[in-house]
Amino acid sequence: MTKTPAYLRKVKGKRDWVKNAIIVFLVVLLILTFFSNTIMNYSLPEVAAQYPTSTTIVTKIRGNGTVEAAQSYNVSISETRTVSAVHVKVGDEVAAGDALLTLEESDSEELLTARAEYNALKLEYDKMMLESGSQNNSDAEKLSQAEAAVSQAEADLSDAKNYESALAGYRDDEAYYQEILDEAKKDLEYWNSQVTFESNIDPDPATNLDLAEAYSSQANAQAAVGYAQIDLEAAQSATASYQAEHSGVMSVESAQSALTAAQNALSDLKAAQADAAAQQSYDASVAELDRAAKEAELSAAEQKVQSLEAKAAKSEVLTSYAGVVSEVNVAAGNRTVADEPMIVIEIAGKGYTMKSTVTKEQARMLTPGTNAEVTNQYGSDISMVLTNVQADPSDPSGSRVLSFQVTGEDVVVGMQLSYSIGNKNASYDLVLPSSCIHTDSDGSFVYGVSVKSSPLGNRYSVKKCKVEVLASDDVNSAVSGTLSSTDFIITTSTVPLQVGDRVRIAE
């Protein structure tokens, strides 16, 4: 028998080890392949699911609220003052006219402000009256001065004309005496020539009678020249004296120009004053309207001060109604806030109400006049009737406020009441637990199970089904929407779900 060499035995041993390793690997891979689906399923979220059922829903809405008086009285004042003492507390019964609190005897901030406003308005009004009462005489003075200027110019023109007329008379006198002097001089020259002529004939006046006559006429002519010269000088002196006495008189041309200028100035002033008068009339009308408005404003301010002063004189705040104190919002030493309730009184004898908020879908099933059952006051005579359904101001699109009338001897303001209302039976084809219905911005929906088959088994994933809630009771809700009775609907899950998540169904 041939013995196998040692190195061959080593090679064969290595080959066996590799073969065994490959076999083990393939076996493990096969096992993992067959059990991978099971292993993965245990790592997925677990959900419980059920099919929609067809059953009857008994609609009943439950809620709670706080009893309030049907009518409340807010005790407030219209000024800011300091509270000296509060005489009531929450729950106290008060009668009409009872003192609720005492205020310090001091002026309120509103009164001080009102007085300051009144004084400011009074000052404005007084200034307005002074301005409207003062007479502005400047226009009348200007018109008087312009008219006086025209009168003066007319007088100056008249004086100029009179002066020139009188001066012409004086100069006519000068011309007249100048003419007489000239004639006297001519006559003297004639007789001088006659004396010379007759003297050449016979120089003896005794024998030459013509010469004697010539001498006599020459003497008379000489005297006439002297008299004429005196008269002319007197006339010239009179003219000079008249001119000296009237040296300040204007010329007719200058006086006429001054008169024209004065008349134009007067005409322009009258036109300007007419325009100003029209504007002043308008301004006066506006001022009168402003004055009337300011007077009304002042009167209102005065009445406000008087009203606040009358209120400041009262230190006690009394209630006008009997009832129960439900709120006390101030304490001794507090400053009141104008028109803010300091104390709230639930007025006795006006009945009681309660309000509760429900969903819009729940409200659709209710009508005013429906009786509600009180569920937390056993053995009492309290009864409730739905009186009104209105939109919730804080959520008008999704919520409604139910108003109830509450009656009974056991009713007390502030009492917490639980109730149930509605008892409507109806059959529905798709009924699910209410706990599986979710809401988002698009409305209500449920999570359904989508099934996909594979060689290794079924795979389950989450899908979203939009629904509308038709009716609900304490546990279940009837729905309609994008689902049918064959849809498998998720009711619970171990973790929050998202659309498309892989899940495993609970056993």
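This report walks through a predicted model of one protein chain, from its overall make-up to a few single residues.

## Ground rules

Because this is a predicted model, local features need pLDDT of at least 70 and side-chain atom pairs count only at pLDDT 80 or more, while totals for chains, interfaces and linings use all residues. Residues are numbered from 1 along each chain as its sequence is written, and side-chain values use heavy atoms, with hydrogens and water left out.

## The chain as a whole

Let's start with the big picture. The protein chain has six helices and 20 strands. Here helices (H or I, at least four residues) and strands (E, at least two) are DSSP runs, numbered from the N terminus.

Of the chain's 507 residues, 26% count as buried. Buried means under 20% relative accessible area, exposed means over 50%, and partly exposed is in between, using a 1.4 Å probe and protein chains only. Now for contacts, meaning heavy atoms within 4.5 Å. Take the contacts between residues at least 6 apart in sequence: 76% of them join residues at least 24 apart.

## Two nonpolar cores

A nonpolar core is a set of buried Ala, Val, Leu, Ile, Met, Phe, Trp, Tyr and Cys residues joined through side-chain atoms within 4.5 Å. The largest one here has 19 residues, and Met384, Phe404, Leu417, Tyr419 and Ile421 are the ones that touch the most other members. Strand 2 (53–69), strand 10 (352–359), strand 11 (371–374), strand 12 (383–391), strand 13 (399–407) and strand 14 (416–433) each give two or more residues to this core.

Leaving out residues up to four places away in sequence, Leu417 touches Gly63, Asn64, Gly65, Val67, Met354, Val374, Asn376, Gln377, Ile382, Met384 and Val406. Apart from this core lies another, of 16 residues, including Tyr73, Val88, Val325 and Met342.

Next up is an open sheet of four strands, in the order 3-9-8-5, with antiparallel pairing. Two strands pair if DSSP finds at least two bridges between them. Strands of a sheet pair through backbone hydrogen bonds, either parallel or antiparallel. At the edges sit strand 3 (72–75) and strand 5 (93–94), each pairing on one side only.

Strand 8 (residues 323–328) and strand 9 (residues 343–347) are antiparallel and share five bridges. Four bridges link strand 3 to strand 9, again antiparallel. Val344 in strand 9 is the bridge partner of Glu327, and Val344 is also the bridge partner of Asn74. In a regular strand the side chains alternate between the two faces of the sheet. Strand 3 has Tyr73 and Val75 on its covered face, with Ser72 and Asn74 on the uncovered one.

On a 1 Å grid over the protein atoms alone, a pocket is an open set of points where a 1.4 Å probe fits, with protein on both sides within 12 Å along at least five of seven lines; lining residues have an atom within 4 Å of a point. The largest pocket holds about 590 Å³ of space, where a volume is the space filled by probe spheres set on the points, and grid points are joined across faces, edges and corners. Its lining has 25 residues, with Thr359, Glu361, Thr439, Ser444 and Val469 nearest the centre. Strand 17 gives the most to this lining, with six residues. By class, the lining has seven nonpolar, ten polar and eight charged residues. Ala, Val, Leu, Ile, Met, Phe, Trp, Tyr, Cys and Pro count as nonpolar, Asp, Glu, Lys and Arg as charged, and the others, Gly among them, as polar.

Two of those central residues also belong to a bridge: Thr439 stands opposite Ser444 in strand 16. Strand 15 and strand 16 run antiparallel, joined by three bridges, and they form a hairpin with two residues between them.

## In and around helix 4

Thr239 lies in helix 4 (residues 209–245). Thr239 counts as buried because its relative accessibility is 4%. Beyond residues up to four places away in sequence, Thr239 touches Leu167, Tyr170, Arg171 and Glu174. Ala234 is in helix 4 too, but Ala234 is partly exposed, with a relative accessible area of 45%.

Ser251 lies in the loop between helix 4 and helix 5 (252–312). At 29% relative accessibility, Ser251 counts as partly exposed. Its C-alpha atom is 8.8 Å from that of Tyr163, which is 88 residues away along the chain.
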